[in-house]
Amino acid sequence: MYLNGSRFSLVLTLHSLELPQASIYPAFILGITTYFLILLCNLTIVVTICLNRNLHKPMYILLLPMPINDAMGATTLFPHLLYSILSQDRTISYPACLLQGLIVHLYAGASHVILIAMAYDRYIAICYPLRYGAIMTTKNLVKIITGMWLLHVIAIIVLFSLLLPHPVCQTYMADLVCYNPSIRKLICEDTRDNNIYGLFTMVLYHGLSFFVVAFTYIHILITCVTNKQSDAKIKALQTCGTHLVVFLVLEFNTIFPLIAHRIESVPAHLRRVFSISVCVFPPIVNPLIYGFKTKEIRQKILNCFKRKIISV
């Protein structure tokens with residue numbers, strides 16, 4: 001059944017948070033605290049890299065988009081979620097839902113793009129250390145960053161532009177956040193073009209990132225095993241091992257909700273949990289693993305705090 005009026009004036013209803021009255025304020029405090037910590041940690045990494053010329057190196061320049069992207073991903077979810085917790089109002093306009101879905105996909109896809117670039121950087125640094133300076137020049141960095149981000153943004157915009165011509169048949173969305181598969185289920189016409197293109201982008205992002213990370217980390221592992229310097233070997237293995245765990249968690253978090261929409265036997269509550277966890281856990285974990293755990297960044301932050309304390 002087609003809905004009357006312009007679909008851009010429609011108001012959708014997201015799935016209920018199902019919070020008991022006694023849990024509303026504790027949930028709101030937990031949510032706003034989590035959001036504040038995410039912004040604080042990620043913006044600290046951004047400011048630290050930007051203000052310290054010693055960190056203006058390929059490794060940190062490639063890292064810089066990650067905290068910006070994580071802050072964007074969290075901001076896509078938390079403000080509306082916090083409002084919903086307090087008001088128990090789960091409505092959202094159709095244009096706002098499209099915008100939220102677009103940003104969620106831009107954020108999730110960018111996470112893979114950034115990890116691919118960082119894996120390539122670590123591969124060159126560890127496997128070809130003598131050629132690192134010649135390969136990772138400023139010119140090549142600009143090419144890598146511009147090329148990957150441009151292709152990524154175009155791919156996601158095309159995905160959502162395929163939804164625009166179709167009318168909407170229902171206003172209830174059985175998810176906690178808007179994203180492409182959940183929006184597609186509101187449409188009553190044949191959305192095969194969006195579905196096929198969505199599958200293509202899913203295979204492209206996850207397949208490419210998995211291949212690049214597997215290829216680079218296998219070569220890094222081989223280099224570390226054959227390296228006679230035990231300290232350098234242990235450090236490289238610890239760093240790459242931690243990064244690999246974070247990557248695998250991101251892979252599962254992002255691919256599960258997309259596949260779950262295509263498999264009816266998957267419990268809906270699992271799909272809902274994973275659909276929002278991708279905007280919560282990576283923004284919390286990434287600044288700890290890729291930022292504060294990195295010696296140079298951690299040292300710069302500690303030095304800044306020491307200067308502040310001394311000046312006071």
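1. A cavity, on a 1 Å grid over the protein atoms alone, is a set of points where a 1.4 Å probe fits but cannot get out; lining residues have an atom within 4 Å of a point. Grid points are joined across faces, edges and corners, and a volume is the space filled by probe spheres set on the points.

2. The model is predicted: local features need pLDDT of at least 70, side-chain atom pairs count only at pLDDT 80 or more, and totals for chains, interfaces and linings use all residues. Residues are numbered from 1 along each chain as its sequence is written, and side-chain values use heavy atoms, with hydrogens and water left out.

3. The largest cavity has a volume of about 330 Å³. Its lining comprises 22 residues, with H105, A108, H206, T254 and L258 nearest the centre. Two or more lining residues come from each of α4 (94-127), α6 (138-161), α7, α8 (192-226) and α9 (230-260); helices are DSSP runs of H or I of at least four residues and strands runs of E of at least two, numbered from the N terminus. The lining divides into 11 nonpolar, 9 polar and 2 charged residues, where Ala, Val, Leu, Ile, Met, Phe, Trp, Tyr, Cys and Pro count as nonpolar, Asp, Glu, Lys and Arg as charged, and the others, Gly among them, as polar.

4. The second largest cavity has a volume of about 70 Å³. Residues lining this cavity include L62, P65, V113 and W149. The largest share of the lining, 4 residues, is from α6. The lining has 9 nonpolar residues, no polar and no charged.

5. There are 2 salt bridges, each requiring a side-chain nitrogen of Lys or Arg within 4 Å of a carboxyl oxygen of Asp or Glu. One joins R271 and D175 at 3.1 Å, N to O. This pair links distant parts of the chain, 96 residues apart: R271 is in helix α10 (residues 268-277) and D175 in the loop between β3 (172-173) and α7 (180-184). The other joins R122 and D121 at 2.9 Å, N to O. Both R122 and D121 are buried, that is, under 20% relative accessible area with a 1.4 Å probe and protein chains only (exposed is over 50%, partly exposed in between).

6. N286, in helix α11 (residues 281-292), is buried at a relative accessible area of 7%. Beyond four places in sequence, N286 contacts M66, D70, V246 and G291, contact meaning heavy atoms within 4.5 Å.

Methods. 1 Å grid on protein atoms, 1.4 Å probe; cavity = no way out; pocket = protein on both sides within 12 Å on 5 of 7 lines; lining within 4 Å.
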